[in-house]
Amino acid sequence: MGSAQGSAGRSGPAAGMLGVIARQQRQLAEARSRTASDALIDVATGVLVERLQCSVAEAGEQLRGLARAAGVAPADFAAEVLGQAPGASWRPALDSDARGRSWLAQAAIVHATDGYPVAQAVHDEVLAPLGAVAVALWMLEPDGALALVGQSGLSPLDASRWQRIPPQLDCAALRAARLGAPQWWPTGSPPGPAVGTQSTGGTQSTGGTQSTGGTGGTVGSGGTDGPARLGPWQGARAALPLRRAGAVVGAMEICWPAPRAQFGDGARRELTALADLCLHSLHPAGGPGSTSGAAAAQTPEGCATQTTLAARVAWLPALLDAVGGSVLLAHAVRADDGEVLDFRIDHVGEGFRDPGGRPPAELCGRGLLELYPLLGADAGLFGRAVEVLRTGEPYRADGTVLLTLIDDVVVGEEVNVRIARLFDGVAVGWTVGGAGEGGDSLLRAVERLGRFGAWQEEIRTGAVRWTQHTYELFGRGLHASPIPLDDLHAHVHPQDRAAVDQLRDALLRLQRSVTVSFRVLLPDGTMRQLRALAEPVTDTTGALVAVRGVYQDLTSHYRTQVVLDATRHQLADSEARAAGQHRLALTLQRALLPGSDEAVEASGLAVAVRYRPAEQEHLVGGDWYDAVTLPGGDVLLVVGDVAGHSIRTVAGMVTLRNSLRGLAVTGAGPAQLLHWLNRVTYHLTDDITATVVCGLYRPSDHTLRWARAGHLPPVLVHDGSASTLAQPDGLLLGVEPDATYEEAIHHLAPEDLLLLFTDGLIERRGTGLDTSLAALLRIAAQRQPDVARQADHVLAHTRPDTDDDTCLIVIQRRDHRAPVTSGGS
């Protein structure tokens with residue numbers, strides 16, 4: 001997951017203390033590994049002193065010389081010497097390998113205080129080489145039950161279940177104790193009735209050919225399905241009585257994982273001798289009646305000797321393991337005056353996680369300060385544990401930094417600690433990191449999905465740890481060293497190094513949380529935008545011990561932001577250009593279509609023109625109107641609509657308006673004018689289309705000649721009623737270059753009104769054109785005093801909702817003459 005830097009090269013008292021602790025730990029480990037062999041050599045040296053009648057030094061030199069001559073290790077030669085030593089004749093004759101294993105076991109249990117280290121020693125030195133997986137030792141109770149006093153290889157649950165074997169249960173150990181004879185079952189537990197009920201035969205030491213027709217019973221059963229079986233193994237097993245002065249005082253059972261060949265004479269002699277050795281270690285003095293198997297040995301002062309917590313409450317470890325607790329149990333080691341010197345570990349839960357990665361087997365039986373010497377610092381967890389033992393008040397702390405010395409390297413882990421008193425000891429639980437595979441998996445998913453990478457740097461040692469995803473963020477291989485804060489500058493873009501200074505200053509000097517962003521230079525020459533979120537970590541005294549945080553990859557977000565900013569600038573430019581074009585179009589349109597609130601008298605006509613722009617000012621349309629007296633005396637009346645709303649639309653409208661004015665001076669009729677205007681639209685404009693109604697009023701005979709190009713027909717108001725003029729055919733402009741147009745003639749009676757308009761006057765969403773036109777006819781029929789007020793009345797009562805602009809021309813025949821005036825130019 002990460003790496004740590006050693007304390008080598010560091011100065012100061014802390015480095016010296018760490019060096020001393022590391023050296024003492026190595027020396028202690030080496031001494032422990034030599035204990036069994038040294039004890040064996042010492043015993044063999046004493047035998048040679050007696051045999052050769054020489055000094056201890058001479059005997060030791062003689063043993064080492066003979067070992068060199070024989071080409072074997074001094075410990076192996078010592079075992080050979082002890083195998084032939086006087087006083088050993090009471091044991092069954094063993095071969096050389098068996099004698100060596102036996103003496104190694106005896107040397108290993110010299111200092112054992114109860115049956116658990118005895119069982120561990122015989123299992124490791126003798127039984128494991130023979131393929132056995134477990135051994136259990138029981139002492140006989142007054143009521144005939146067996147009480148477990150030591151085991152090795154059993155799970156905590158099985159050890160709890162077999163803590164006490166009631167006398168009515170049929171099993172191998174009880175058979176050996178009841179019958180006083182070894183039970184040899186090379187093929188596993190035999191089927192059949194329980195001993196002492198239906199049959200008592202077939203289980204003597206001459207057994208070994210029994211069938212394994214059943215899997216054996218469970219604790220608390222016994223009957224026709226065979227004896228209860230110790231542990232889950234269905235292989236060979238041997239149960240031997242423990243005898244003292246001819247009386248059975250206990251039993252030993254040994255389990256193998258699979259069936260084996262018959263127990264030969266050599267194997268039976270070795271295991272029988274091993275049972276004697278175990279009994280001698282369990283009862284160094286006294287006879288079978290001096291103490292019971294379940295009672296503690298007595299000191300001369302009459303006080304019970306200390307036994308381990310696992311022996312006193314064997315059900316508790318099984319319970320803790322069953323609920324998956326990350327916990328260890330330890331009893332207090334006290335000085336003569338009662339001061340707590342250390343806590344000796346009795347049990348390590350299956351879910352316990354050692355920060356140094358050591359397995360539970362390496363932790364059991366060792367002192368808490370021996371494993372974690374830095375816990376003894378001022379206000380450390382060792383002091384908290386002593387306080388819990390003294391007061392009985394549990395201790396809880398989350399986010400505590402646990403410093404562990406592994407060789408000469410300090411490894412720090414953040415843990416959630418719980419400490420509670422248990423008899424004359426404590427139960428210590430802590431969870432590290434993600435607290436299990438589920439938490440680790442969730443953490444990895446969060447890092448991957450959020451593109452996070454976690455890190456932590458120890459202040460005292462400078463050790464830096466990264467998660468796997470942090471290496472990926474920096475583009476470094478997992479074999480590379482993590483980058484400490486001091487070296488982060490070299491990997492950051494020069495323009496962003498001030499952010500790294502801010503990060504270090506906030507964490508190390510101000511000791512507060514901080515968030516900064518910077519660009520990291522990757523080994524492949526590319527850059528990555530990172531955000532760092534970090535915080536200081538303090539111990540129980542408030543001293544800064546580490547800094548930690550996460551790096552988050554914001555490269556994709558950063559690139560998106562750059563593109564978004566560029567798009568905003570481009571959009572702003574486009575909006576500015578569009579606004580300029582809009583202002584230009586609006587100015588041009590207003591210049592070409594001046595409003596007029598006064599009626600215009602021209603050639604016997606009263607003319608009023610109106611223009612209503614769209615409600616949204618940016619929608620500049622192409623509607624136009626024109627009312628002008630031509631050189632021949634006729635009056636040109638035009639209303640048109642170019643499709644669209646843009647500067648191009650306005651430009652097209654200007655082209656058509658001016659073109660039609662120029663064509664009109666030729667004296668051609670409306671149909672011909674629209675034919676020519678259509679060719680102009682098709683060939684000389686920027687792909688526009690338009691609708692137009694074009695009329696020529698002749699004052700001499702009051703006739704109106706008119707034609708239309710896809711436009712709505714004019715509305716005539718006569719004698720209080722309104723109607724549309726019969727419309728001639730005509731295709732809108734700009735579609736077909738050779739389109740032709742029809743022409744119609746209408747005679748205006750005195751006081752007749754004529755309305756020419758664009759579709760913006762009547763269009764409504766969701767309403768048909770016929771309906772809208774009928775509404776306009778009703779409004780137009782409502783006569784007003786003059787054409788100006790008639791135009792205003794029509795505009796006021798027509799409210800289209802298509803947001804289009806509108807042009808309207810209202811003309812009325814007058815019989816009197818007036819000066820010619822143009823209201824539409």
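Cys278 is buried, with a relative accessible area of 0%. This comes from a predicted model. Cys255 is likewise buried, and its relative accessible area is also 0%.

The structure holds zero disulfides. A disulfide is a covalent bond between the sulfur atoms of two cysteines. To count here, a pair of cysteine sulfur atoms must lie within 2.5 Å.

## The chain as a whole

The chain has 825 residues, and buried residues make up 48% of them. Its secondary structure comes to 20 helices and 27 strands.

Take the contacts between residues at least 6 apart in sequence. Of these, 60% join residues at least 24 apart. The accessible surface of the chain is about 38,200 Å². Carbon and sulfur atoms account for 53% of that surface.

## A closer look at Thr467

Where does Thr467 lie? Thr467 sits in the loop between β13 and α14. The strand β13 spans 464-466, and the helix α14 spans 468-473.

Is Thr467 buried or exposed? Thr467 counts as buried because its relative accessibility is 7%, and the cut-off for buried is under 20%.

The side chain of Thr467 makes a polar contact with the side chain of Thr470, at 3.0 Å. Glu447 is 20 residues from Thr467 along the chain. The C-alpha atoms of Thr467 and Glu447 are separated by 9.2 Å.

Key. Residues numbered from 1 in each chain as written. Predicted model: local features only at pLDDT ≥ 70, side-chain atom pairs only at ≥ 80, totals over all residues. Heavy atoms only, no water. Buried < 20%, exposed > 50% of the residue type's maximum accessible area, 1.4 Å probe, protein only. Helix = DSSP H or I, 4+ residues; strand = E, 2+ residues; numbered from the N terminus. Contact = heavy atoms within 4.5 Å. Areas by Shrake-Rupley, 256 points an atom, 1.4 Å probe, with all protein chains shown as cover. Polar contact = N/O pair within 3.5 Å; in protein donor to acceptor, adjacent residues only side chain to side chain.
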